[in-house]
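Here is a friendly briefing to read alongside the model. Please keep the viewer open as you go through the points.

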Amino acid sequence: MPDRSAADLGDLCRAAADLGDLCRAAVEAAQGNELVEAYAEEGRRTEASAYQGEVEGLEFAEARGVGVRVIVDGRLGYAYAADPTLDEVREAVAAARANAALAEADPGNGLPAALPIEPLPELYDEAALAVSTDEKVALALDLEARTVSLDGRVTKVDTVRVGDAVSRVALASTVGLAAEYARTDAWCVSVALAVEGEETQTGFAFRLGRGVGDLEREEVAAEAVERAVRVLGAVKPPSARVPVVLDRFAATSFLGVLAGALSAESVQKGRSLFASMVGQQVGSEFVNLVDDGRRLDGPASAPFDDEGVPTGRTNLFSGGVLNGFLHNTYTALREGGDRRSTGNASRAGYRSTPGVGTSNFYLEPGSLSFEEILARAEGGVLIQDVTGVHSGANPISGDFSVGATGLRISGGALAQPLREMTIASTIPDMLKAIAGVGDDLRFFSSVGTPTVLIGEMTLAGV
């Protein structure tokens, strides 16, 4: 198969200056008192998948384009161009200008001031570009082989994937912004299938890194197998109120609900249960929730957000007290006063205007080991997987009822596997019931959490 990843990815990165030229062309096309911003990105992604000792798939994806915002007297127009020439960027500015003329004025429409940006060179691993496509395929095959070699009950996988990406972003505006950065990312995933009699259970594990050489395939295989095998023979438990331990993967699902409720965009649209709670004790003393766009072990780190505001740390909850919300420039201007963006402008890509999103969003770790948490949750349940969190949780009331799979906790250890459970509460009640936080923070995509001990929750079974 052709080797595209080494030479072609290198060519992509060497073309970075073209992004800056495209952005400058947009800014130079501004007229009169217009505010103009250009957001340019390019990237390439490669992913190999393996199944039953064979290459199941090999995917390449690439994108390159520029999005342009033009603001005139509070009226916003947007246009974009895929893989454009300089002239096509100028045409996009003209199209955005025409769109602005048709729009209504909004006091939230504005561009952020150009502020000093501290680079994050650690996001880019030059060595990652030297890994060939054939090597990625071999890594995927190796990960599958490791997964099916660890336990006789696991003889096949649902999926195994190894992939990486290289990308670059550039921004420029008429208020003096001119910035860009490059990054490399890599990932591997294994979903093991454990079979015993007529029963099949799945176990999921993955790792993230700057390059495929950073990925701990042995740990991924072992974790996927363990999570699948340990829930074989699961039974439906009786209903009860018991201590609940959310393992790290399960806890991230609930943090995803919190992320939406802590966006100033949701607050201003009346879609957040936290809208009137700033300054209040919303959670227990163990709830320290942070968004930090510069944390290097977080996969969503960047020197600036998607409209050029420097990233940083925002303490959303401190000791359970809600401090505030995540903002981009639009929501900050809408709120007025001295409110500023928290560096959380987020785009789906060059085709979209920025909304509000998290960067590295996580619950600060505590001091408890996993074993200490289990000891404190005697007679309770470890929740390993939850289903239906986003559909079963109401972001306005905070009520939720979700399905769960896990294991009984007995004698300070994991015991009988459990299935077909439902856990129900409200987000505020769950936050107040957090009785301990582990020391084992781990990121799953841009959301990270340690193991979480909840003093008591309703568990519905038979």
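**Around Gly 357**

Leaving out residues up to four places away in sequence, Gly 357 touches Leu 326, Asn 344 and Ser 346, where contact means heavy atoms within 4.5 Å. This is a predicted model, in which local features need pLDDT of at least 70 and side-chain atom pairs count only at pLDDT 80 or more, while totals for chains, interfaces and linings use all residues. Residues are numbered from 1 along each chain as its sequence is written, and side-chain values use heavy atoms, with hydrogens and water left out.

- You will find Gly 357 in the loop between strand S12 (355-356) and strand S13 (361-363); helices (H or I, at least four residues) and strands (E, at least two) are DSSP runs, numbered from the N terminus.
- Gly 357 has a relative accessible area of 17%, so it is buried (buried means under 20% relative accessible area, exposed over 50%, partly exposed in between, with a 1.4 Å probe and protein chains only).

**The largest cavity**

- The whole structure holds 1 cavity of 30 Å³ or more; on a 1 Å grid over the protein atoms alone, a cavity is a set of points where a 1.4 Å probe fits but cannot get out, a pocket is an open set with protein on both sides within 12 Å along at least five of seven lines, and lining residues have an atom within 4 Å of a point.
- The largest cavity contains about 90 Å³ of space, a volume being the space filled by probe spheres set on grid points, which are joined across faces, edges and corners.
- Its lining has 12 nonpolar, no polar and no charged residues (Ala, Val, Leu, Ile, Met, Phe, Trp, Tyr, Cys and Pro count as nonpolar, Asp, Glu, Lys and Arg as charged, and the others, Gly among them, as polar).
- Among the lining residues are Leu 246, Phe 254, Met 430 and Val 452.
- Helix H6 (248-261) and helix H11 (427-432) each supply at least two residues of this lining, and H6 gives the most, with 4 residues.

- The 13 residues of helix H5 (residues 217-229) should span 18 Å, and the end C-alpha atoms are 18 Å apart, which agrees; the expected span is 1.5 Å times one less than the number of residues.
- Buried residues of H5 include Arg 217, Glu 223 and Arg 227.
- The second largest pocket holds about 320 Å³ of space.
- Of the 14 residues that line this pocket, Arg 227, Arg 230, Asp 247, Arg 248 and Phe 370 lie nearest its centre.
- H5 gives the most to the pocket lining, with 3 residues, and the lining divides into 5 nonpolar, 1 polar and 8 charged residues.

**Nonpolar cores**

- In the largest nonpolar core, of 48 residues, Phe 274, Phe 317 and Ile 383 touch the most other members; such a core is a set of buried Ala, Val, Leu, Ile, Met, Phe, Trp, Tyr and Cys residues joined through side-chain atoms within 4.5 Å.
- H6 gives the most to this core, with 8 residues.
- Another core, of 25 residues, lies apart from it and includes Leu 139, Val 212, Ala 221 and Ala 224.
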